[in-house]
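Subject: Structure handover

Hello,

The sequence and model come first, and my notes on what was found follow below.

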Amino acid sequence: FCNEPNYVLDPVTANLINKLIRKITKEFKITTIVNTHDMNLFLEICYKISFIYNGELLWEGSNKDIRKTDKKEIQEFIFATKLTQKLK
């Protein structure tokens, strides 16, 4: 279980942690649960995402499918900055 593993890390170190989490998960064939607000982390390394909003499960699916959801709350969260909106 990883609770905000990249909190207050610089982007380079955060990316190293992301890769380490993925490597450990694959190497030991384990399930890793990550609680995060880090878009890079969940879009890049998480296979299954559960999006909780106001204490309720709003959406569940893959890291690729979440980008296509029509749920307004999720779209606003993922694409909150001008940079991420350009990537959309």
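Isoleucine 24 is partly exposed, because its relative accessible area of 32% falls between the 20% limit for buried and the 50% limit for exposed. Please keep in mind that the model is predicted. Isoleucine 24 sits in helix 1, which covers residues 11-27.

Isoleucine 30 is placed in the loop that runs between helix 1 and strand 2, the latter being residues 34-35. Leaving aside residues up to four places away in sequence, isoleucine 30 touches Ile24 and Thr25.

Next, the largest pocket.

How much space lies in the largest pocket? The value is about 680 Å³. Its lining consists of 23 residues, and those closest to the centre are Val34, Cys46, Lys48, Ile49 and Ser50. Helix 1, strand 2 and strand 3 (48-53) each contribute at least two residues to this lining. Which of the elements gives the most to the lining? Strand 3 does, with 5 residues.

Two backbone angles are also listed here.

Glutamate 4 is not a glycine, yet its phi is positive, at about 50°. Glutamate 4 is located in the loop between strand 1 (2-3) and helix 1. Is glutamate 4 buried, partly exposed or exposed? With 22% relative accessibility, glutamate 4 counts as partly exposed, since a residue is called buried under 20%.

Asparagine 54 is a residue other than glycine with a positive phi, in this case near 55°. The loop that holds asparagine 54 lies between strand 3 and strand 4, and strand 4 spans residues 56-62. Asparagine 54 has a relative accessible area of 68% and is therefore exposed, as the limit for that class is over 50%.

Regards

Terms used
Residues numbered from 1 in each chain as written. Predicted model: local features only at pLDDT ≥ 70, side-chain atom pairs only at ≥ 80, totals over all residues. Heavy atoms only, no water. Helix = DSSP H or I, 4+ residues; strand = E, 2+ residues; numbered from the N terminus. Buried < 20%, exposed > 50% of the residue type's maximum accessible area, 1.4 Å probe, protein only. Contact = heavy atoms within 4.5 Å. 1 Å grid on protein atoms, 1.4 Å probe; cavity = no way out; pocket = protein on both sides within 12 Å on 5 of 7 lines; lining within 4 Å. Points joined across faces, edges and corners; volume = space filled by probe spheres on them.
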